[in-house]
Each structure stands twice: as structure tokens, then as C-alpha cells.
Amino acid sequence: MTVVIKQAAATIASRSGIREHSVAIVLGSGWQQAAAAFGTPTASIPMSAIPGFVPPSAAGHVGSVLSVEVAGKAVLLMMGRAHLYEGHDAATVAHPIRTACAAGAETVILTNAAGGIRDGMKVGEAVLISDHLNLTGRSPLHGAEFVDLVDAYAPELRELAVAVDPTLQEGVYAGVTGPQYETPAEIRMLRTIGADLVGMSTVHETIAARSVGARVLGVSLVTNLAAGVTGAPLNHAEVLAEGQAAAARIGRLLADVVAQ
Ligand SMILES: Nc1nc2[nH]c(I)nc2c(=O)[nH]1
């Protein structure tokens, strides 16, 4: 564990007044409304005050780490994340997860907004991630860290989520660098190689969490149907608006899963 990870974990513990948080949840683009489902935070720490964190550019709670209590568990809500397309390397993108695990997290829940590739997916639908394709060509690991990624997305957490909401479907998430969306030909390629969802985050956070033995649950919010699935061009503003509408509902799902 590097010094900056230890310093970041110590900052979270001292500023929240809580020695260990057993769960960490990353609330991605459009998921900020989900935070309300977890109740009033007992602490809100600006990411700019935590060593190694890159504060996202947006306003409001985004760019903060919130400490909340859910069913007696201390939970960290990471309001936003860094992305490769912002010019950060994979280790920087994964730093908040390594920090959360150093601060006690044994369960990491990663949410994101993604494009839906599989036929029948609907905008506003939450999809559990069953596995991922890391198409970024990058890794948050370096050196001889040969991490096993079988069942990287914990089957028992996925079963728990389905028990809470039996309508939940599962899908394989393709992580790409972006920032451009895919061409229709690239979406046909992704479908051919088994991707059901595509996005620009999550895979490096999952690898980092697994490298330190934390269990991972991933949930994508389908905020657009991927390029070429419909005839319509992709518009990022519409994409985020859809996400925000659905995130509050899915925040309750996450709070129920954490409370189990
Ligand atoms: N690469 C990629 N990332 C995305 N993020 C969201 I929201 N939608 C998409 C999409 O269609 N493709």
C-alpha cells in the first residue's frame, strides 16, 4: 500500500470521525440523485482535501466523499470519479477504490451510466454487471500483480440485488477509453464479442478492488441505446437527463442491498 493511499484513508477516517467504512459506493454520472436514498450524510469531505483524489469538475455534492450510515453499516459514497478520457492514468482512476479499501471497505459497489447494446434494453433500465471486457489496453496494476478475475462481480451480491429487485437483468460491460461514443460498426463489433453494455469507466476500479480482495457489485444505468441501435444520434445532455430520472429509484435498490 503506497503512502498516498494510507494518507487518503487516514484523511477519510479523521474527517468523518469513523475509523472504518465497510462499504464504498461510487455514484457515477447521473447517479448523484441516488445519494438521497442513503439518508443525511454524517460527513461530506471534498475530494480536493483527500490526497491523490482528482475532484470532478461539476458542482454540488459531486466531487465529495460522503459518510452515511445504512442499517448500522458505515458507508462511503464517492460522488463522481476520474476518467481516462480526462487524461488520468488507470492508477489515478482506481485510487479512490484503493483508498476506500484501505479505509475498511470489503464491499465496493460501482455504478455507471452506459450505452445499451443488447436488443430489448431500455433507457432508464438498471443492469447488473455480470462480467467485463477491459478494452482500454490499460491496467491500474503494475509489476507481477497477477490478479484472478473469475467472478470479479460477486455472484452472491448479484443474487442479493436480484432478490431485492427480481426484474433486474445482467449484462457484460465493455470498458473503453472514450471520450467519443462508438461508431455503429464498433457497436456491431462489441455485440459480436459479447458486450451488452458499453461505458468509459468501472473496469479499472473493479480490477483494483479485486486486487485487494474486496467484493464488487457493478450496476449500469442504461442512459442511451448505443450508436446504431436506433437511428438517432447520441446526445450527452439527453443521456445524463435520463440517468438522473432513474437514479433516485435505483438509489433505493442500492440502499436495500447494502442493508441486507
Ligand atoms: N463508450 C460509451 N460510453 C457511454 N456512456 C454513456 I452514458 N453512453 C455511452 C455509450 O454509448 N458509449
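**Briefing: helix packing and burial**

Helix α5 is followed by G213, a residue with a positive phi, near 85 degrees. The structure is a predicted model. Its average pLDDT is 91, and 92% of the residues score at least 70. For the complex, the predictor gives an ipTM of 0.96 and a pTM of 0.94.

- Helix α5 spans residues 203-211 and is mostly covered, with seven of its nine residues buried.
- These buried residues are V203, H204, E205, T206, I207, A208 and A209.
- The elements that cover the buried residues of α5 include one helix named here, α2, together with the strands β1 (23-27), β5 (107-116), β6 (126-134), β7 (169-175) and β9 (215-225).

**Packing of α1 against α2**

- Helix α1 (residues 3-16) packs with helix α2 (residues 90-102) at an angle of about 65 degrees, and the two axes lie 8 Å apart.
- The crossing of α1 past α2 is right-handed.
- On the α1 side the contact is made by V4, I5, A8, A9 and I12, which meet H95, R98, T99 and A102 of α2.
- By residue class, this contact consists of six nonpolar, two polar and one charged residue.

**The two sides of α3**

- In helix α3 (residues 155-164), the buried residues are L157, R158 and A161.
- These residues lie on the same side of α3 because they cover an arc of only 100 degrees around the axis.
- An α-helix has 3.6 residues a turn, so residues three or four places apart point the same way.
- E159 and A163 are exposed on the other side of α3.

**R158 within α3**

- R158 is located in helix α3.
- R158 counts as buried because its relative accessibility is 14%, and the cut-off for burial is under 20%.
- When neighbours within four places in sequence are left aside, the contacts of R158 are L128, I129, S130, Y153, E170 and L217.

Methods: Residues numbered from 1 in each chain as written. Predicted model: local features only at pLDDT ≥ 70, side-chain atom pairs only at ≥ 80, totals over all residues. Heavy atoms only, no water. Axes fitted to C-alpha atoms, helices over the stretch in contact; angles between N-to-C directions. Helix = DSSP H or I, 4+ residues; strand = E, 2+ residues; numbered from the N terminus. Left-handed = near helix turned anticlockwise from the far one by under 90°. Contact = heavy atoms within 4.5 Å. Nonpolar A, V, L, I, M, F, W, Y, C, P; charged D, E, K, R; others polar. pLDDT = per-residue confidence, 0-100. Buried < 20%, exposed > 50% of the residue type's maximum accessible area, 1.4 Å probe, protein only. Arc of directions from axis to C-beta.
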